[in-house]
Amino acid sequence: MIAMQQPSAGSLLPIPVLFPINELSAARFGRRTPEPHDRPAALSSMIHGDNRRGAVMWEMYTLPSTEDRLKNGIRLSDCYHVLALLDDWIEDNFDGMNRAMCECIASGDLPERAFDFPDKIREFLGPTDLVSKYVRQFQQYRYAIYQNIKSLLKSGRLTAYGKKKITDKKWTIIPSFYFSLSCQILFDENKAIVEEISFIDVRVTYLEGLPIWCAMVAYGDEELVPTLMKYEGARRVAMAGNESIAHCLDDTQSFLVYFCSLMKAGKLKSVYTETNKPVDQTLWNEKLICLAQSEICTGKNIRQGVKIITPHPPINEEDASTLAVNTSRVPTGSRGYGASDALLAKEMHELILGGQAQNVHQAAQQVVDKAKGKNTLEKSKVQRLMGAYNKAFGSSR
């Protein structure tokens with residue numbers, strides 16, 4: 001049951017309160033449970049499930065850290081989780097990493113809590129323990145995700161802003177070519193060092209606009225994001241138990257409800273992918289959102305692609321002009337497998353016209369072996385191909 005609690009002085013939004021189903025903990029935003037802590041130091045088993053059921057109580061309000069990101073931009077340290085599902089390339093590495101993580105846990109190579117400290121997982125091995133292939137795979141895929149992000153910085157699709165001194169009131173755009181030089185990117189420290197020039201408190205914006213999922217993670221409770229992404233990762237590679245899948249869906253719903261409240265309040269701007277026209281704020285209801293396709297329902301059986309325009313930090317006039325020029329040059333389409341999927345969509349259309357497939361789902365199943373994405377589950381590829389078909393030829397039959 002959801003009740004509306006009166007907002008406190010200065011609050012912009014009513015505070016929905018989800019009353020407890022039972023007394024075990026689940027993800028929520030804002031208020032912390034006094035005891036025990038919000039969540040255990042070691043995540044409950046993703047593979048076998050745990051005893052957490054339902055939801056306690058969460059109060060929806062904007063945390064100071066979220067206010068900071070809304071005002072000054074997403075931090076460099078947020079990129080790992082925020083961009084994990086940005087496009088097919090990063091998504092492929094994210095799936096590979098999570099499959100390796102689940103294999104490590106299932107085989108007993110490492111305890112689950114080791115993955116709360118991914119930079120130090122080898123420290124959980126004994127002095128005589130051999131590094132298993134799954135541990136190596138986990139580290140390789142994780143490294144690849146960071147390389148994907150660095151590639152976005154090099155290309156200029158991801159714009160970075162930094163300060164020379166912490167007392168600076170405005171940020172400076174870090175030229176994209178800097179990241180092709182001798183550059184050290186310290187993600188966890190929000191710092192970049194280019195040819196001995198240091199930029200601190202680094203913020204980023206994605207010129208093309210973020211998919212709904214990525215933006216939802218970017219402006220969610222940062223303490224709860226790692227847990228959400230672990231559950232989502234295990235679910236995506238079909239290595240999560242039914243109970244853990246339920247937790248993942250519950251937590252995702254909590255994140256989405258909060259994100260929709262931000263959108264309704266006009267805290268962020270959104271536009272339709274195909275037209276760049278603004279999305280009506282009143283449409284932001286969690287029941288109208290398709291996270292998998294980053295779409296919003298605008299009418300009966302009508303869904304449109306949506307992207308979120310993320311705010312940038314305060315910058316000087318010269319940098320503002322540079323940013324405006326870069327934004328005007330944003331390419332159409334998206335990174336990843338869009339071009340190859342478009343070709344497969346045409347092949348699917350021919351199968352349907354020729355009577356070899358009765359509907360889009362059957363057509364996608366017939367060509368799925370040709371779809372790119374070596375770490376992507378077949379089910380996910382089929383959904384991706386169906387989306388490509390619907391975009392090219394209209395709603396599925």
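# Close-up views of a predicted model

Of the 397 residues in the protein, 48% are buried (buried means under 20% relative accessible area, exposed over 50%, partly exposed in between, with a 1.4 Å probe and protein chains only). This is a predicted model, in which local features need pLDDT of at least 70, side-chain atom pairs count only at pLDDT 80 or more, and totals for chains, interfaces and linings use all residues. Residues are numbered from 1 along each chain as its sequence is written, and side-chain values use heavy atoms, with hydrogens and water left out.

**View 1. The whole protein.** The protein has 11 helices and 12 strands. These are DSSP runs numbered from the N terminus: helices are H or I with at least four residues, strands are E with at least two. Contact means heavy atoms within 4.5 Å. Among contacts with a separation of 6 or more, 69% join residues 24 or more positions apart.

**View 2. Helix H1 and its cover.** Helix H1 spans residues 64–72. Its buried residues are Ser65, Thr66, Arg69, Leu70 and Asn72. What covers them? The cover includes strand E3 (74–75), strand E8 (197–206), helix H5 (212–218) and helix H7 (242–264). Just after H1 comes Gly73, with a positive phi of about 100°.

**View 3. Helix H3 against helix H6.** The axes of H3 and H6 lie 8 Å apart, and the angle between the helices is about 90°. Axes are lines fitted to C-alpha atoms, for helices over the stretch in contact, and angles run from 0 to 180 degrees between N-to-C directions. H3 and H6 are therefore roughly perpendicular. Angles of 65 to 115 degrees get that name; under 35 counts as roughly parallel, over 145 as roughly antiparallel, and the rest as oblique. From H3, the contact uses Glu91, Phe94, Asp95, Asn98, Met101 and Cys102. From H6, it uses Met229, Lys230, Gly233, Ala234 and Arg236. By class, this contact has 5 nonpolar, 2 polar and 4 charged residues. Here Ala, Val, Leu, Ile, Met, Phe, Trp, Tyr, Cys and Pro count as nonpolar, Asp, Glu, Lys and Arg as charged, and the others, Gly among them, as polar.

**View 4. Glu103 in helix H3.** Glu103 is found in H3, which covers residues 88–107. Its relative accessible area is 26%, so Glu103 is partly exposed. Which residues does Glu103 contact, leaving aside neighbours within four places in sequence? They are Tyr134 and Met239. Along the chain, Glu103 and Met239 are 136 residues apart, yet their C-alpha atoms are separated by 8.6 Å.

**View 5. Cys102 without a disulfide.** The count of disulfides is 0, where a disulfide is a pair of cysteine sulfur atoms within 2.5 Å. Cys102 is in no disulfide. Its nearest cysteine sulfur belongs to Cys104 and is 9.3 Å away. Cys102 has 0% relative accessibility, so it counts as buried.

**View 6. Helix H6 across helix H7.** Helix H6 (residues 225–236) packs on H7 at an angle of about 130°, with the axes 9 Å apart. That makes H6 oblique to H7. The crossing of H6 and H7 is left-handed. In a left-handed crossing the near helix is turned anticlockwise from the far one by less than a right angle; in a right-handed one, clockwise. H6 brings Val225, Leu228, Tyr231, Glu232 and Arg235. H7 brings Ser244, Ile245, His247, Cys248, Asp251, Thr252 and Phe255. The contact of H6 with H7 divides into 6 nonpolar, 3 polar and 3 charged residues.

**View 7. Cys248 in helix H7.** Cys248 is found in H7. Is Cys248 buried or exposed? With a relative accessible area of 0%, Cys248 is buried. Not counting residues up to four places away in sequence, Cys248 touches Leu228, Tyr231, Glu232 and Arg235. Cys248 and Met229 are 19 residues apart in sequence, and their C-alpha atoms are 8.7 Å apart.

**View 8. Helix H10 across helix H11.** Helix H10 holds residues 360–367 and helix H11 holds residues 378–393. Their axes come within 9 Å and cross at roughly 120°. H10 and H11 are therefore oblique to each other. H10 passes H11 in a right-handed crossing. Val360, His361, Ala364, Gln365 and Val367 of H10 make the contact with Val382, Leu385, Met386, Tyr389 and Asn390 of H11. This contact of H10 with H11 has 7 nonpolar, 3 polar and no charged residues.
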